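Colleague: Could you walk me through how to read a few features here? I would like the general idea, then the case in hand.

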Amino acid sequence: MTAPRPGPGSRGDLPVEGACPVELKTLRYFVALVESGAFTAAAEACHVTQPSLSRQVQALEAELGLPLVFRTRHGVELTEAGELLYEHAKRILDEVARARA
């Protein structure tokens, strides 16, 4: 008999049920959104349209089953899950860059 797994957020983890395949591109878009603070600026930085970037972030939220950002008139603010994902995404993207170097 195995011990029950702690729920999301109990150890700073994001849910992984169904282990969805998140693409590096999507993580780059999310990091750009966080660092720019706005969908339009993030889209420009990623050389994509704003609706395309917005759809990618919405799909990521749907895959994780959690809101990642609060959308405001002045841009975006991270949720707790968004903060955790940002930390993980930055680490993943940094490790990929090192592996490619």
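Modeller: Gladly! Helices (H or I, at least four residues) and strands (E, at least two) are DSSP runs, numbered from the N terminus. Thr79 sits in the loop between strand E2 (75–78) and helix H4 (80–100). This is a predicted model, where local features need pLDDT of at least 70, side-chain atom pairs count only at pLDDT 80 or more, and totals for chains, interfaces and linings use all residues. Residues are numbered from 1 along each chain as its sequence is written, and side-chain values use heavy atoms, leaving out hydrogens and water.

Colleague: Is Thr79 buried or exposed?

Modeller: Buried means under 20% relative accessible area, exposed over 50%, and partly exposed in between (1.4 Å probe, protein chains only). Thr79 has 7%, so Thr79 is buried.

Colleague: Which residues is Thr79 in contact with, leaving aside neighbours within four places in sequence?

Modeller: Contact means heavy atoms within 4.5 Å. With those neighbours set aside, Thr79 touches Pro67, Leu68, Val69 and Phe70.

Colleague: And how do helix H1 and helix H2 cross?

Modeller: Axes are lines fitted to C-alpha atoms, for helices over the stretch in contact, and angles run from 0 to 180 degrees between N-to-C directions. The axes of H1 (residues 24–36) and H2 (residues 39–46) come within 8 Å and cross at roughly 130°. Under 35 degrees counts as roughly parallel, over 145 as roughly antiparallel, 65 to 115 as roughly perpendicular and the rest as oblique; H1 and H2 are therefore oblique to each other.

Colleague: Which residues meet there?

Modeller: Arg28, Tyr29, Ala32, Leu33 and Ser36 of H1 meet Phe39, Ala41, Ala42 and Cys46 of H2.
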